[in-house]
Amino acid sequence: LGVAPVFGGTHDGFGTRNALLGLGDQYLEVLALDPGQPAGRGALASQVAALEEPTLLTVAAASSDLADPVPMSRMRPDGVLLEWRLSFTSTPLFFIDWLQSPHPSRDLPDGGRITSVTITTPAPAELDGVEGVTVREGPWHVEAEIDGVALA
């Protein structure tokens, strides 16, 4: 995309850290293992560790109506505490409520705009109501285009 993401922070207890790239009101989160956290990091860290190449792994859809929300937080490098809640599905798709935290897309380098998202999922009903996404039934796979550049 021609723009480098910036360090966002660590996900304590999950074994990962991230870098972020702004996409208008949305953002791309690049996950990596956090060497500052102990081994046996959990399911997300195990998924990231198993990747052999960069992969579009999941999609988060914003919602304030979450089932069984899991509270999370991380400290940004500038000292601002972000707090949010997640609701997981039977697939890698999850829903996020940013509560009162500033949205991560603010103040990030601009990498363009998402022009399309296609999700192939064994559970298409879990995406009912998610706007701007093409949904197909099948094994989990995510494809997106940012200003015409394909990511998968």
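The model is predicted, so local features are described where pLDDT is at least 70, side-chain atom pairs count only at pLDDT 80 or more, and totals for chains, interfaces and linings use all residues. Residues are numbered from 1 along each chain as its sequence is written, and side-chain values use heavy atoms, without hydrogens and water.

Start with the three-stranded sheet. Helices (H or I, at least four residues) and strands (E, at least two) are DSSP runs, numbered from the N terminus. Strands pair if DSSP finds at least two bridges between them. This sheet is open, with the order β1-β2-β3 and antiparallel pairing. β1 (6–11) and β3 (26–33) are the edge strands; each has a single partner, so one side of each is left without a neighbour in the sheet. From one strand to the next, the twist averages 30°. Angles run from 0 to 180 degrees between N-to-C directions, and axes are lines fitted to C-alpha atoms, for helices over the stretch in contact.

Five bridges join β1 to β2 (residues 16–23). F7 stands opposite A19 in β2. Helix α1 (residues 43–50) packs on the sheet and touches β2 and β3. Contact here means heavy atoms within 4.5 Å. The direction of α1 makes about 85° with that of β3. The hairpin of β1 and β2 has four residues between the strands, and G13 takes a positive phi near 85° there.

Now the four-stranded sheet. This one is also open, in the order β9-β8-β10-β11, with mixed pairing. β9 and β11 (149–151) stand at the edges with a single partner strand each, so one side of each has no neighbour in the sheet. On average, neighbouring strands are turned by 15° against each other, direction ignored. β8 and β9 run parallel, joined by four bridges. T118 has T134 in β9 as its bridge partner.

Next, the cores. In soluble globular proteins, nonpolar side chains tend to be buried together. A nonpolar core is a set of buried Ala, Val, Leu, Ile, Met, Phe, Trp, Tyr and Cys residues joined through side-chain atoms within 4.5 Å. Buried means under 20% relative accessible area, exposed over 50%, and partly exposed in between (1.4 Å probe, protein chains only). The largest core has 13 residues; F95, I119, L127, V130 and V133 touch the most other members. β8 (114–121) and β10 (141–146) are the elements that give two or more residues to this core.

Where does L127 lie? Its place is in the loop between β8 and β9 (134–137). L127 is at 3% relative accessibility, so it counts as buried. Leaving out residues up to four places away in sequence, L127 touches L93, I119, T121, V133 and V135. The C-alpha atoms of L127 and A61 are 9.0 Å apart, across 66 residues of chain. A second, separate core of seven residues includes M72, L82, L86 and I96.

Last comes a pocket. On a 1 Å grid over the protein atoms alone, a pocket is an open set of points where a 1.4 Å probe fits, with protein on both sides within 12 Å along at least five of seven lines; lining residues have an atom within 4 Å of a point. The second largest pocket has a volume of about 170 Å³, the space filled by probe spheres set on the points, which are joined across faces, edges and corners. Among its 13 lining residues, L20, R76, P104, R106 and L108 are the closest to its centre. β1 gives the most to this lining, with three residues.
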